[in-house]
Number of protein chains: 2
Amino acid sequence: MPAECCDEASNEALDDAAAAALASLLATLSDPVRLRIYSLIASSDEVCSCNLEGPVNKSQPTISHHTAKLAAAGLIIGERRGRWTWWRAVPGRANDLATSILDLGRP
Amino acid sequence: MPAECCDEASNEALDDAAAAALASLLATLSDPVRLRIYSLIASSDEVCSCNLEGPVNKSQPTISHHTAKLAAAGLIIGERRGRWTWWRAVPGRANDLATSILDLGRP
DNA sequence: ACATTGTATTGACATCTATCGATGAATCAT
DNA sequence: ATGATTCATCGATAGATGTCAATACAATGT
């Protein structure tokens, strides 16, 4: 610890647990494929998985892997109707994330 | 492409380039250490590097690596004054990110 | 029952990344 | 100049992760 420049222990804007939780949520959205999937789902009421493979252009296991991650993060929720799974965005989740990001800059 | 459930090509909410750019910015913030560093910087006017090692509790090369990534993403900017580098948050950047996230849900 | 279709899981592989020790470059004090 | 200090860079390593082929599971239809 140097001498002349350093203040006290700082105002601890974000503790370890909060940083880990927020980082985990951000990591879920930090993949281009997941972003596109979430964007497709969140901009519609409901999206069938069969409507994801086309635009996203990835294999079926890859899509399943990404939707599972988005669901585990609480960003989307899936409902199985018949053979297909229909996805919808969890309301308010993107809003909460946006305000969390804004709060990073508040003392 | 299945038959009964699938619509047309979807409303293309996010093209590949936009998804890659946003994902890259989110990836920059998807690390707990970087989140804490950015939080410390963004909640103050200016923060010296010597005020980061203490709260973050990582080695000096690790801190340097993270500040470099935050700076490359345009989230912080560093000014060298004498021996120390002083960091400040780029104004508006967190705001832009927050609105980008909110736009994901808009048709 | 059997075949078909949509989805999830497993295993393997390649790539990326966070971390740190060692070293180099730049700045200041004496 | 010499030494001390601050920061960046390099090399190495361990862990995480995106991707897909193969396979298993679930639901529907014949």
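Predicted model: local features only at pLDDT ≥ 70, side-chain atom pairs only at ≥ 80, totals over all residues.
Local features here need pLDDT of at least 70, side-chain atom pairs count only at pLDDT 80 or more, and totals for chains, interfaces and linings use all residues. Residues are numbered from 1 along each chain as its sequence is written, chains are lettered from A and ligands numbered from 1 in the order in which they are written, and side-chain values use heavy atoms, with hydrogens and water left out.

The meeting of the two chains comes first. In total, 48 residues of chain A are in contact with 48 residues of chain B, contact meaning heavy atoms within 4.5 Å. The area buried between them is about 3700 Å², with 67% of it coming from carbon and sulfur atoms; buried area is the accessible area (1.4 Å probe) that two parts lose on being put together, summed over both.

Side chains of opposite charge can pair when their charged atoms come close. Between chain A and chain B there are 2 salt bridges (a side-chain nitrogen of Lys or Arg within 4 Å of a carboxyl oxygen of Asp or Glu). Arg36(A) forms a salt bridge with Asp16(B), and their closest N and O atoms sit 2.7 Å apart.

Which parts of chain A give two or more residues to the side that touches chain B? They are helix H1 (16-29), H2, helix H3 (50-56), strand S3 (84-89) and helix H5 (93-103). Helices (H or I, at least four residues) and strands (E, at least two) are DSSP runs, numbered from the N terminus. H1(A) gives the most, with 8 residues. Sorted by class, this side of chain A has 30 nonpolar, 9 polar and 9 charged residues. Ala, Val, Leu, Ile, Met, Phe, Trp, Tyr, Cys and Pro count as nonpolar, Asp, Glu, Lys and Arg as charged, and the others, Gly among them, as polar.

Over all chains, the salt bridge count comes to 10. One of them joins Glu46(A) to Arg88(A), with the closest N and O atoms 3.4 Å apart. Glu46(A) lies in the loop between H2 and strand S1 (47-48) and Arg88(A) in strand S3, so the pair ties together parts of chain A that are 42 residues apart in sequence.

Inside chain A, the axes of helix H2 (residues 32-42) and helix H4 (residues 60-72) come within 10 Å and cross at roughly 70°. Axes are lines fitted to C-alpha atoms, for helices over the stretch in contact, and angles run from 0 to 180 degrees between N-to-C directions. H2(A) and H4(A) are therefore roughly perpendicular (65 to 115 degrees). On the H2(A) side, Val33(A), Arg34(A), Ile37(A) and Tyr38(A) meet residues of H4(A), including Ile63(A) and Leu70(A). In chain B, too, the axes of H2(B) and H4(B) cross at roughly 70°.

Key. Parallel < 35°, antiparallel > 145°, perpendicular 65-115°, else oblique.
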